[in-house]
Each structure stands twice: as structure tokens, then as C-alpha cells.
Amino acid sequence: MVSAIKGMYISCDIPMAQYIIHMNNSLPQSQRFIIHVLDNTHLFVRSDVGGMIKSAIQTFREQNTYEKP
Amino acid sequence: MPQVKIVAKNFMDMVASLPARKLEKLYDNSFICEAILRSMTPLAKKYVIQLLYIEEPVTAKWFEEWVLPDGASKHKIAIDRLLQLRILAENVERKKEATFIMNKTFQRNLQKHVVHGGILPREPMPLNITVRLPSLEDLNAYAAQQWESFLLHLINSSEAEKSTNLSSSIMKVFQRGLLSQKDDKEPPVLTERGFQFLLMDTNAQLWYIIRGYINNSEDRGVDTADLLSFLLELSFHVTGKAYNLNTLSDLQQIIIKDLADLGLVLLQQGRKESWFIPTKLATNLSVSLAETSSRKQGFVVVETNFRLYAYSSSKLHSEILRLFSRIEYQLPNLTVAAIIKESLYKAFQNGITAEQIISFLQQNAHPLVADKIPSVPENVTDQIRLWESDLNRVEMTPAHIYDGFPSTEVFEAACDFAREHGCLLWENSKKMRLVVKAELFAQMRDYLHKQKQ
């Protein structure tokens, strides 16, 4: 019997995928959002975490930048 | 010989979308007929001229005989266009074949125009009244200055330093697409489209505003056909010659005042009479959008160390540069800026795309570098694009994952079904898993139910 799970399909490059997996693993069990890791560039996650992933990536990116004061 | 070359396609689309009654009124003006004639494809022009003196209907077969077999698609496009503009009317009778007959008003007016030549409804005023006419350079400078203050008003609407003497109709054009006001206390903020508007070419900007103005005209109670006919007529006037204001109707006088705010005409008053002088912007109304204005002098030099040197003293230019670069030094005739990641991120957040920034830099390249290929160094353009794509590293699509297929055939069938609808995102034949876009969910469910039976 075919089962369908609703969620969000994420397509990105390998470093980003690894970062999202790392973010997922650092959360407690109840808050984990990855449903399946499809391959090393695609993930299937819960639908509601889109905004959270985007802002987390943005903070990560800003940590790596330097602005001349 | 008027400077009109081709009327912009957009003008024609607007004309074509008018209802039949208004088109009839429009065709009473022989200048509009001429302008429409000039804007058509060569084949359509030929048809119109060939039918100009034929009073009876012409069968469609005759038309087809005038074209070689490989011109069939051009023929169809021309005929469609003429039908759309209601220049040709089709009569389909049951036994006889389709015939075309030309619009009487259009025909009559074009015949008159061909015979008598185009005479404007107003003559330039004699020189003894208009003693000192501004020279063409003065006129261009005036038009540029008005347009700049208009755009500056758009940018600095939050500061509102300049007195808001722009008419309410123009403000409405702004508010519709370019500015947005969250509430009445806060100053209005530029929307995404507003930023993109600032980086466009002057002709494109002019067109956008005029289009918005025409679309708003219905709300204000001004007839669109009258407005369009007056604008087209204006584009046939000679730049730099004065025309008496009392030859205009009341409605046209209101329109002229709005156009003066935009810099399309210059209003002047003598002792008894007052007159208006069309500037280059007005006659440019008829120039096709496809011809880019390479008349403007470029002012930006971009170097490979990501530095920008803008040889301009205009406030508008420095405001535009401030949108996407960090201003380092500002001198009386030079602005030095640097393109850095943070300034670009700010621009991207405001909705400007990398392509717009790059095309702005290329179109406004200083004459010294404009001849080089490429006018903007490739490392700068590549880096701008890379920074833009860095913001979108992750792509998200709402979807469903399907698992537990009973057999490979069902799996393959489901894959093909999803692929046909363009919703297949990912599949794994070994584990028999399928990811399909969320919009296809209901149809997939029905399809799988049907497969089970």
C-alpha cells in the first residue's frame, strides 16, 4: 500500500546539505525536522521549518563575513 | 519631416485594447492614423496602402495571392494585427467566402492625409511674441532637470524636502506600483519594483510612467482615447517651437500641466499669451522602446578592484549608486564608491537583481571605457552574480514523498505520470521512493487508487 508523507523537498549543494544535517542533529529528538536524507544533495524535511533553515543559513553566513568598520 | 520613427509597440497595444467606439473616435485624428501606419510591419503597411482607395470588400483569397507561399505566417500575423486594430473588418457570409473591408473612418482620414500632407492643428507662434525662445540645449537641460527632480522625489519621498507640487494624478501612479505606504504616519517606502524602476533606462522609465498615467486616466474621468490621441499628436510637434496654449481644449490644458511637471513640455508666459514648448522627451514618446538611448553620456567607470568612479554632480546619480555600493568619497564632480558584499546584499534584499545592476553599469559606462569589451570588467560582473546566487543556495519546494510501492510496474507508472505533469522531483528505483510536487497530490492519489483496481 503506497503511503505519502507531506513535507518540503530541499535541493542544495553538498556543504549546505551537511550543514543542515548537522543543524538537525544538534537539536533534541522532538524538534528534529529531517524526514529522509535522499542523497548527498537532496533532503526531505518537515514543511514548517523552511523559514528557520533560511535564517540559520543566513546567521552562519554572517558569522563568516568581515566588514571594515 | 517630423522626428517620429516608429511608435512604440506598447502604444499600439494600448490602442488595440480600446473598445470599438473609442477606436472610431481615435481614427478621426489623421495623425493617429499615420502613427499607426508607421508602427505596422511592412506587410501590413502594404495591405493598408493597397486597400487605401478600394471601397468595396475584398475577398480573403485575393490577399493570399499577394503573398508567396513561404510568407504565410507573416501574412497571418499582419492580418491578425489589422483585425485587432479594427482597420479591417471581416464579413463572413454563409455561401460566399470571407471578405475584408477597410474601416471607413480610417480610410477617409488616411486618404486626406496622403493628399494634403500632415498639418498640425496648431502652428508655431510668430517670433515677435515669443521673443526669446530657449535654445535646444537649454530645453534639454530643463527636461533633464525636471525628470531628475521627479525621480529624486521618488527616492526622497521619506524626507519630503522638495515641495510636493506634483499633481495628484502622478502621485497615484507612484503609489500604485512603486511606493508603498504602510500607514499614514510613516513615510512611504520604495517597493521592489520601485528600486528596479530607478535602475531602468530613461526611455523605459518614461514609458512606465506614461502607461500608468494613461491607465489611471479612467479613474480620474479623463477619456483614454482623448489622452492617447493628444499624446500621439504631441509627439508630432517640432521640438523647440512654441505653440499657443489657447489652441488646446480644457482637458488638454490639464494634461499639459501634468506633462510640464514631468519635463515633457516647458510652459512659458508672455505678456498676453502663454505657450508651451515640447522637449525632446515628448518627441521621444514615439520612438520605439527597442532603440536604446545611447544619446546620454555615460559617467561610470568600474575598475577591476571593485571601485566605482562616477563623473557626475547629479544628486540622483549618487542616490542610485548608494543603492548598491558604498560611497567612499564625494567630490564636486566625482563620486568614488566601492562595490562590496554588504552593500550588494542590501540591494538584493531590496529586490534588485544582479542583472539589473550590471546592465545599469554597462548602459551608463563612461565614454572612456564604453568602447572596451567588456565595458564592465568580468571579474566584477561574475562576482556580483556569485554573491547573488550565494543568497539562494538552498531551494525549497513543498512536496510529498511516496513509499511502499507494491511492485516495480506500479512504481514506474507513477514515475511516468508525475513526469508527464512536470512534477517529478526525485526518484530512487532501488528503494522505490518517489518525491512529487505538492500541487499534484490529489491527482496522484486518484491515479494510485485507479492503479490498485
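Helices (H or I, at least four residues) and strands (E, at least two) are DSSP runs, numbered from the N terminus. This is a predicted model, in which local features need pLDDT of at least 70 and side-chain atom pairs count only at pLDDT 80 or more, while totals for chains, interfaces and linings use all residues. Residues are numbered from 1 along each chain as its sequence is written, chains are lettered from A in the order in which they are written, and side-chain values use heavy atoms, with hydrogens and water left out.

Most residues other than glycine have a negative phi, and most peptide bonds are trans. F306(B), in the loop between β9 (300-302) and β10 (307-310), has a positive phi near 70 degrees. The residue is buried (under 20% relative accessible area, 1.4 Å probe, protein chains only), at 19%. M432(B), between β14 (424-428) and β15 (433-437), has phi near 55 degrees and is likewise buried, at 17%. A cis peptide bond links I373(B) to P374(B), with omega near 0 degrees.

Chains A and B meet through 30 residues of chain A and 28 of chain B, contact meaning heavy atoms within 4.5 Å. Strand β1(A) supplies nine residues, the largest share of the chain A side. Nine bridges join β1(A) to the antiparallel β13 (residues 395-403) of chain B; strands pair if DSSP finds at least two bridges between them. Within this pairing, A4(A) stands opposite Y402(B). The rule finds one salt bridge across the interface, between D13(A) and R393(B) at 2.9 Å, N to O; the term requires a side-chain nitrogen of Lys or Arg within 4 Å of a carboxyl oxygen of Asp or Glu.

Technical notes:
Buried < 20%, exposed > 50% of the residue type's maximum accessible area, 1.4 Å probe, protein only.
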